[in-house]
Amino acid sequence: MNTQKVMRLIVGCLVIVAMVKIFFHPSSSKDTSVKTHQIIQGGNFWAKQHIPQLNLVHNEEDPVKKEHAGNTEVQPEEKETIQSNQEELEPEIPDDTPMDPLKIVHLDLKGAAPKVKYLEEIFPLLSTLGANGILLEYEDMFPYEGELSILKSSFAYSPEDIEKIKSLAKQHKLELIPLVQVFGHLEFVLKHEKFFKLREVETYPNSLNPQAQGSMDLVQDMLTQVMKKHPEAKWFHIGADEVRGLGESEDSKRWLEANSGDMGKLFFNHVTTVGRFMTKLKRGIKLILWDDMFRKLSSDTIKESGLQDLASPMIWKYIPNMDVKEIGNYISKYEQAGFKGVWFASAFKGASGIDQKWTPISHHLKNHLQWQKVIQSMPQYKSVRFQGIALTGWQRYEHHTVLCELLPVAIPSLAVCLQTLKYGECLKKHVLFLEGLTM
């Protein structure tokens, strides 16, 4: 009898809720869509979901675009053809037309890489949230061929998958930027016995020995294969962060002895060689690399390397209490070194614990609020231009470590971070309140 009463009570409550909805929400879905931004549908994954239109008085202008409000848009790049029987891509005329800073979402594919079907669902969402680019860090998910076929995972994307991903990115106005590591974080390559001899430290597979015979051939082959799949790319990221153990191989020690122990020069020799190869492979390509390996070097040392004529540094920092002044010091140094552009990198996931299971939104929100301050400070730098910010989403800290929180778990954090770059402090109190309710 008690069970029956409970069931009647539940049914009664449902009827009351239904009646309230009928009487107080009579408008059609077409009427409500006027007040909201409907997410472009790519299936039914995000079906019937809406992002509220924020009515903000004091922060209506996107700071990422504000710095370059007067710049002209980039002219469409002529489609480049690939000579199938040649090692190099057909060079193109460089396009130096200024472009608005990009907000790109980093997809780290070294573990639990999303299927193309999933990308079909989230690319329209990312575009709606304010992203206009994708940084695709291939790792072992690229369909390497020939001698490099050993590098690809059994789950690697097929050439057809890559064409589909490119098509999706173009459809949703997302600039696609490939990322291939060329120095550090090469575990997915150096773990194979075939490439043991190219390790900087014999017992660790993370860093390449830049002096070993065959190292540059390996890097050039990787870059050529990826570039051939992305002939339309305007930007290309060559990694080069956290080159652990550099200088410890016998080859490197001999080189250092002959060059006054100059570790900076040892690093720059390799990345500038890579940079020159890439500009020869595709004239006009704009290169990016992580900045951590030369943060402590002087502007004169950097300038002497010639790197400033080949690539733009991407300054990365993922902590919530980031020191804005410290970032400013890096920007000033890179400006003095002659770099014409600089990139930033924040994090929306994968930077709060090596085995993090859930994404602490407040951690990443605060990180982006600090980066927004840096972006707003850019007008004081007269000869270096802000080119964009990458919202990184690390799947693993390294190739062999455990997974961090998975991408689907971090989508709310990504949404908050993208909107924070647009609206800033206005979102902070609401996000912190909502996160407190879910703790």
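Predicted model: local features only at pLDDT ≥ 70, side-chain atom pairs only at ≥ 80, totals over all residues.
Local features were considered at pLDDT of at least 70 and side-chain atom pairs only at pLDDT 80 or more, whereas totals for chains, interfaces and linings use all residues. Residues are numbered from 1 along each chain as its sequence is written, and side-chain values use heavy atoms, with hydrogens and water left out.

The structure contains twelve salt bridges, a salt bridge being a side-chain nitrogen of Lys or Arg within 4 Å of a carboxyl oxygen of Asp or Glu. One of them joins Glu-398 to Arg-244 at an N to O distance of 2.5 Å. Because Glu-398 lies in the loop between strand S12 (385-393) and helix H13 (407-423), and Arg-244 in the loop between strand S8 (235-237) and helix H8 (250-258), this pair ties together parts that are 154 residues apart in sequence; helices (H or I, at least four residues) and strands (E, at least two) are DSSP runs numbered from the N terminus. Glu-398, at 21% relative accessibility, is partly exposed, as is Arg-244 at 38%, where buried means under 20% relative accessible area, exposed over 50% and partly exposed in between (1.4 Å probe, protein chains only).

Within helix H8, Lys-253 and Glu-250 lie three residues apart, about one turn of the helix, and form a salt bridge whose closest N and O atoms are 3.8 Å apart. Lys-253 is partly exposed at 37% relative accessibility, whereas Glu-250 is exposed at 51%. Asp-251 and Arg-254 are likewise three residues apart in helix H8, with their closest N and O atoms at 2.7 Å in a salt bridge.
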